[in-house]
Amino acid sequence: MKLSRQFTVFGSAIFCVVVFSLYLMLDHIDHSKNPNGERIQKVSTVLRLSIHYHLERLLAENNEIIGNIRDSVINLRETVKDGKMFPEGNMSQGDLELLPPAPALLPIHSEDCQFAARTYSKAADGVQMLDVYDLLSFDNPDGGVWKQGFDISYQDNEWDNEPLQVFVVPHSHNDPGWLKTFDDYYRDQTQHILNNMVVKLHEDSRRKMIWSEISYFSKWWDNIDEQKRDAVRRLIESGQLEVATGGWVMPDEANTHYFALIDQLVEGHQWLERNLGVKPKTGWAVDPFGHTPTQAYLLRQAGLSNMLIQRVHYSVKKHFASQKTLEFFWRQNWDQDSSSDILCHMMPFYSYDVPHTCGPDPKICCQFDFKRLPGGRISCPWRIPPQAITDNNVQERAQTLLDQYRKKSKLFRTNVLLAPLGDDFRYTEAVEWDQQFENYQKLFDYMNSHPELHVQAQFGTISDYFEALRKSTGMDPVGMNVGQLALPVLSGDFFTYADRDDHYWSGYFTSRPFYKRLDRVLESHLRAAEVLYSLTLANIQKYGQPNDYPAVDNYKLLTEARRNLGLFQHHDAITGTGKDWVVVDYGTRLFHSILNVKRVIVSSAHWLVLKDKQTYYHDPSNPVLQMDDVQPAQDALPRKIIFEFFTVPRLLVVYNPTEQARMSMVTVYVTTPKVRVLNAVGHVVRAQVSAVWNDLMVFIPRQLSFVAQAAPLGLSVYQLMEGMEPRTEAAKYMILQDGRQISISELEHFQQFYQQDAAPVHIENPHLKLSISTATGLLEKMSLKEDDSEHLIKVEFVWYGTTSNKDKSGAYLFLPDKEATIYSPSQPPVVRVTKGPLFSEVTTTFTHITHTLRLYNIQGVEGQSVEICNTVDIRGETNHEIAMRITSDLNSKDRFFTDLNGYQVQPRKTLAKLPLQANFYPMTSMVYLQDSSARLSLLTAQSLGAASLKSGQLEVIMDRRLNQDDNRGLGQGVLDNKITANSFRLLLEKRSSAEETFLKMLLNHNSHCNSGVAPYSYPSILSHMSYMYLNHPLISMAVSQRSESPSLTPYSPLSASFPCDMHLVNLRAIQSKVPALILHRKGFDCGFSNRNTALLCTTTRGKVKQITRLPTHRHTSLIYRGVAYISPKDCLTWLWG
Ligand SMILES: [Zn+2]
């Protein structure tokens, strides 16, 4: 294989996962011991064992990327020896002491832009979901027995030449928490299901079963003996039991971030590899409330060939059924060829329960759910009960069931039919196994022994079904061999889900927002801990002496945190659709894991910054480093710790979790305004002291803010000393109520300033100027200093009520009464304006919201957007939802854009033919709208529901309080609201010249003439970076006061920043020692300014540099075991060595 060839990396939405020892990355290689060739050979051997078809290419590309990254890595020893982050030459530039100056213009080359600028053409038999939404009328006529469909008829002789092949797939849907907690479900149901499974499957080798939630499976595994484990292994080997998907949970697909989606999939797959040695082939997602192509992509890259989805809008299902497009290859919007394709089956009917899976008529199908036999605990709501199968009725029963199978089969293109057989927590009791399996076997035996019926029916696993399907169409068993197929290619997503009438499931995009935020807090802390843990192990390996670092304990804490985070990705957890006490259970798990990963962070950071490693000690009850904030309870907002210092200086360690060098604000609470901040080389850093307010009172402590500079993934060290310091300046204040200025007498250290009453308040920084109403404290105008342009951008809050109809809004559903009404508080709000050298802000306190707009006086990323924080409290309300509305003068018409899972952007179109609630979409990381000259983006630190109901307008639901159940099984309203803090960044960007844009639009228009909407869009590089900064803030830790100050030195593992468009998703230790490096190369739109970003990274220029030397390591073979691979085109390929 040639390693020297240059190749083009098509970068966007591409994951790159490399697994290699960090030791490799950090160490200088001893090439004499391990010549490069040897490693390549070893790797190749391992790779050839795998079955993937372009591994050879993958490997070459991987090695180039690894090499490229390695090039940006320096020897740790040098850093430790010097005790300095950057070379001496760059140390004396005022506030830029540590980081070298950034170029005024971020160099971007045309190759960088190729990915985003490409136009895509739909495959000939292609289905684009945006077109489908344009096409459908969304009427809801009564379809007869199949209420949301149509009458299905067939000819008796249709199967004469090729018999119908039926796979009845027994399944049990086990929610890891919903009406009961995870542990209670396990105790009451799940363990019995799994125990009975072992017995009942062994009774008859024709019986089959599938399982998907590894969270439950692993818990059960820990509780069974070796004999039972062997029995399970035999069932798996014989193909009677199949693990489908194999994630920790069946995740929600709307609110989940791809970091957590990958993490829970890796956790499940790693468990399966370790304990059962199996690799899932097929995805199974019957219950998530709408489906995302991101999950399809991740499954494909994790080596799955097939997948199944269920909860899709009933009109879309009906349309697909009529077109026979319920089975398709799901392709990413941005994919130009077939490399992301995965074969997908969409279930046609209302539900995954037995009445809705055998065929179109639930009244008939219910009679074939033998758990509902008379005398049992459940019955058929259609009032015709099942009959046990006997010699007397088998003929009639078999014919009745076959009629349903045949009708269902008419909705698909092949003679292979899938009939799932199960429901929530089914197969708990032995008798239920007998009822289902014995009665169905009698039906199958009858059908199969009557050739005139032309049917072959049997139990099967989901992969048995797909295997037969592929065989019948001439596809290879795993490949994506589209050419020979009569199956269409589909691109797009399946939001927003409606199961009936106008019941759109857009409420859960926001329900329980406190925990949606807490999820992201754990994600960012877990990532920081994983990275620091891996860096520490590498550093220790280098240091080579026994020490006190708690590697094993920390790994346990990380594992537990991964599993708690994984559990929360479940479709009744992050969605906010569990019972109150189940929410508390999840919240407690997240809360404990946040505490635990913080322990990993401080113990690892301590090691890395310690000058003399011999002095390291680990005392978990009294750690040397202390986090700067603490969350007092699972349902409380975090509080800042107050740092005291007397005569000795206090050391502050600041961790940069991003892989690019960075300047960001750090704020800590201190007891005195007289503070001096020094950086690692002893220079005094400019600082701002601000007041801490409670209503109109000022209290001790003070907020101390300064701009910290940190190397990529590095740890900086600052000193806080008591004493007067001219470079530490106090903020000034103006307080307004009802447009009038209020004078505060007790301001102590701080001064008030005044301005003319009528004028709006202005706050500004080098990039932006905001104009804010003195009466409401809300934004009215925003000016970009770059071109002196002013935009009307108005922030408002609005209320939604719920409909007066029988069905009302609840945890799942959003059923508003009418358009929103403007929030107008009974009392005029108090508006507090802060002006200071480092940041200025306006905080407005309404009855239900405390709204803060903040501008950082920092050049570059942090200064280019407005920070918005809304602390919301609607605990006193009844059936109300509160939203933030941003109205701009951008002419966006009915178009806007929301991200999917923080991974890709999906263009949206607000449709007048749909009800208001149908036009809300999940916003995981951002929403934006644009016209030919500008783009307005709202970046978010938590998932919420968003819409653009009018041209130029964005709306985000902040919290919802609902007094009733919405009839989807939860059996309660949402009344456990918390005081919730939602954080955002508002970013206004100029688009490139009208000519270019026009050309682009023309191109896009031609290739997508049906809808006129290109099915893809990309954030700018600034938007990507701003999102990163928002979601991964600097982490500051202070050296605890009781100890003698240890000698600390900055830590900087990389010699340079990662490319700006390359994101280190995770550096995750696998089986405690071997780290998996997960990279994501982000596509970005070049049609935006690259001026004054202050970024110290470069872009990959669409190419990965030719490498000259490869890293080598003695543990090569270990490294490549059971983990994933990078490739610029198809990465995340799982290998099982
Ligand atoms: Zn479920």
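Helix H8 is mostly covered, with seven of its 10 residues buried; here, buried means under 20% relative accessible area, exposed over 50%, and partly exposed in between (1.4 Å probe, protein chains only). The structure is a predicted model, in which local features need pLDDT of at least 70 and side-chain atom pairs count only at pLDDT 80 or more, while totals for chains, interfaces and linings use all residues. Residues are numbered from 1 along each chain as its sequence is written, and side-chain values use heavy atoms, with hydrogens and water left out.

The buried residues of H8 are Ile214, Ser215, Tyr216, Phe217, Ser218, Trp220 and Trp221. They pack against H7, strand S4 (209–211), helix H9 (226–237), strand S5 (241–243), H10 and H18, where contact means heavy atoms within 4.5 Å.

Of the 1137 residues, 66% count as buried. Among contacts with a separation of 6 or more, 76% come from residues 24 or more positions apart.

Buried residues of H18 include Asn554, Tyr555, Arg562 and Phe568. Their cover includes helix H7 (182–203), helix H8 (214–223), helix H10 (258–275), helix H17 (513–543), helix H19 (580–609) and strand S47 (1062–1070). The same check can be made on H19, whose 30 residues should span 44 Å and whose end C-alpha atoms are 43 Å apart, in agreement. H19 is mostly covered too, as 23 of its 30 residues are buried.

What holds the zinc ion? Its coordinating atoms belong to His173 (NE2), Asp175 (OD), Asp287 (OD) and His571 (NE2), at 2.0 to 2.1 Å. Donors are N, O and S atoms within 2.8 Å of the metal (3.2 Å for Na, K and Ca), and sites may look incomplete because water is not among the atoms. The angles between the four donor atoms run from 90 to 162°, which makes the arrangement irregular. Along the sequence, the donor residues follow the spacing H-x1-D-x111-D-x283-H. Asp175 sits in the loop between strand S3 (164–173) and H7, and His571 in the loop between H18 and H19, so the pair ties together parts that are 396 residues apart in sequence. Asp175 is buried at 1% relative accessibility, and His571 is buried at 0%.

Aromatic rings provide further links. Rings of Phe, Tyr and Trp (its six-membered ring) pair if their centres lie within 6.5 Å; planes under 30 degrees apart count as stacked, over 60 as edge-to-face and the rest as tilted. The whole structure holds 54 aromatic pairs. One of these joins Trp146 and Phe150 in a tilted pair, 4.9 Å centre to centre with 55° between the planes. Trp146 is buried at 6% relative accessible area, whereas Phe150 is partly exposed at 25%. Tyr297 and Tyr903 have ring centres 5.5 Å apart and planes at 25°, so this pair is stacked. With Tyr297 in helix H11 (residues 293–301) and Tyr903 in the loop between S38 and S39, the pair ties together parts that are 606 residues apart in sequence.

The loop between strand S38 (895–900) and strand S39 (904–909) also holds Asn901, which is buried with a relative accessible area of 0%. A polar atom of the Asn901 side chain lies 3.1 Å from the backbone oxygen of Thr256. Beyond its neighbours within four places in sequence, Asn901 has contacts that include Glu253, Thr256, Tyr258 and Thr924.

Definitions and conventions
Helix = DSSP H or I, 4+ residues; strand = E, 2+ residues; numbered from the N terminus. Tetrahedral: all angles 85-135°; square planar, octahedral: opposite > 155°, others 65-115°. Polar contact = N/O pair within 3.5 Å; in protein donor to acceptor, adjacent residues only side chain to side chain. Expected span 1.5 Å × (residues − 1).
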